[in-house]
Amino acid sequence: MYFWGFTVDHSILLLSILLVIGVLTAKFSTRLGVPSLVLFIIVGMVVSHYIYFDNALLTQGFGILALIIILFDGGVQTKWKDVKRVVRPSVSLATFGVLITTVLTGVLAKYILGVTWLEGFLFGAIVGSTDAAAVFSVLGTQNIRQKLNSTLEAESGSNDPMAIFLTVSIIELIQHPDSPILSLILNFFWQMGIGLLLGLVLGKASVWIINRINLDSSGLYPVLTLSLAALTYGISTFVEASGLLAVYVMAVVVGNADLTYRHTIVRFNEGFAWMMQILMFILLGLLVFPNQLLDIIWQGILLSLLLMFVARPLGVFLSMMFTKYSSKEKLFISWAGLKGAVPIVLATYPMMAGLENSTLIFNVVFFVVLTSALLQGATIAPLAKFLNLSQGEKETVPHSLELVSMGKTKNEMIELKLVEHADISGKSLEELHLPEDILVTAVIRDDKLLTPRGNTQIFAGDTLYILISKKKRDKVKAFFQKNTSDGDEREGKTS
């Protein structure tokens, strides 16, 4: 890898320009009806005319780091109450769906590309999974039915380990044809099982650490959280388990816990994930030589269409045969199987292994990703409306509250929504007889911000922002969320 006469200062200038272009590109991608990741890749391809870049190892390393951050951001914002209803179909898609898609695509690639059977299956494994970065990015701007949205997000967050396992295993078989199949199968269960277990355990441990530690600034909490996510990946890969699966599970655990400085953590992670996504796709675009794509254009188009219209739909319908999803819902899930950074990062594995047709595989994979994002990503919203699976315009949160750093104080601000039939519903704040160290600072009702006073009444559905002592978090939440259905008498005060 070399840069044409670029000094460190020039590199910083170039990096800042690319980030600005990436942000502006994301701003206008919705208006253009094109997913932002496509435009990021195009920016990288344009820049590749002026900068020669062919470092597959750097791309692979940065891509994995970016995926850790993107998966963590997606997992933190995943609501378990929505996901737990679609765990079985999501897991089926992430395992059997990926396997079926891999086999079908591998057979097609063997004859279209003229490669060996194992190389064909290797190509199928690389493009067999959906991409979390692409799915989170595109679905984040749409208001699809919650069941479908949760299914796609859970699938994309959990099918990367399957694709990685298949890719690495097939490369192992190509390099060492005598490798025992049984050991590969046992390795699969080890990776998935231990990855899931570590994700759960380290997720619980992360929540405990975040809520118990007192840092000098609230800005350090997002840094600590991402460090714990990276640590989860590192520990998992050290014991040869699936690091990406562990990170996603850990993120779901953290995101659904009662977390201190939640707003600070979520907002920081969201911005950082966007930055990594921009840089990752631009870097992947840099790794491609556009003139080489012209040599495989018809193979790329044919494989892309067969993957979108044959292999992915068959993988979805067969793996979801015994689920309670309608044909329209399965059709939409098939079409929403976006390809993105993961296939391109996986396409660097054959290059690192020095396989004979690694460059051909990489270029075709890149072509498939580009066409998938252009065609599928741009038509998800119209298809959802056509199939009556859309819920109208995406709702946006009409209010927000930025919390200031409280240093080493033991206080924090929590956001709490009053449950239906709450005991205190209809009561005024002065009737609650709250201790002096518990202060209701804001009430959100019907998208309006109310300044709380003693005679302010609170009702079910209100969102309250409450300043409390950290050690009283659980007690205060229990008090505000209690309802008469549990049969207990409440005194209307906490101590």
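The model is predicted, and every value given here is computed from it. The largest nonpolar core holds 96 residues, and among these Ile-41, Phe-72, Phe-123, Ile-126, Phe-281, Val-365 and Phe-366 touch the most other members. Helix α13, which covers residues 262–286, supplies the largest share of this core, with 11 residues. Apart from this core lies another one, made of 20 residues, including Leu-93, Val-135, Leu-148 and Trp-335.

When its neighbours within four places in sequence are left aside, Ile-126 is in contact with Thr-167, Pro-343, Leu-346, Ala-347, Pro-350, Ile-361 and Val-365. Val-365 is also one of the residues that touch the most other members of the core.

Two or more lining residues come from each of α4 (80–83), α5 (87–113), α8 (146–158), α10 (181–212) and α12 (243–255), and the largest share, 7 residues, belongs to α10.

The structure also holds 1 cavity of 30 Å³ or more, and its lining consists of Leu-307, Met-308, Arg-312, Gly-337, Lys-339, Ser-372 and Gln-376. Here α15 (297–319) and α18 (358–386) are the elements that give two or more residues, with α15 giving the most, 3 residues.

The table sets out the volume and the kinds of lining residue for each space.

| Space | Volume | Lining residues by kind |
|---|---|---|
| Largest cavity | about 30 Å³ | 2 nonpolar, 3 polar, 2 charged |

The last topic is strand β4 and its pairing. Strand β4 spans residues 463–469 and is mostly covered, since 6 of its 7 residues are buried, that is, under 20% relative accessible area. With strand β1 (residues 411–417), β4 pairs in the antiparallel sense over 7 bridges, and with strand β2 (residues 439–445) β4 pairs, again in the antiparallel sense, over 5 bridges.

Which residue of β4 is the bridge partner of Glu-415? That partner is Tyr-465, and Ala-442 likewise stands opposite Tyr-465.

Conventions. Residues are numbered from 1 along each chain as its sequence is written. This is a predicted model: local features need pLDDT of at least 70, side-chain atom pairs count only at pLDDT 80 or more; totals for chains, interfaces and linings use all residues. Side-chain values use heavy atoms; hydrogens and water are left out. Buried means under 20% relative accessible area, exposed over 50%, partly exposed in between (1.4 Å probe, protein chains only). Helices (H or I, at least four residues) and strands (E, at least two) are DSSP runs, numbered from the N terminus. Two strands pair if DSSP finds at least two bridges between them. A nonpolar core is a set of buried Ala, Val, Leu, Ile, Met, Phe, Trp, Tyr and Cys residues joined through side-chain atoms within 4.5 Å. Contact means heavy atoms within 4.5 Å. On a 1 Å grid over the protein atoms alone, a cavity is a set of points where a 1.4 Å probe fits but cannot get out, and a pocket is an open set with protein on both sides within 12 Å along at least five of seven lines; lining residues have an atom within 4 Å of a point. Grid points are joined across faces, edges and corners, and a volume is the space filled by probe spheres set on the points. Ala, Val, Leu, Ile, Met, Phe, Trp, Tyr, Cys and Pro count as nonpolar, Asp, Glu, Lys and Arg as charged, and the others, Gly among them, as polar.
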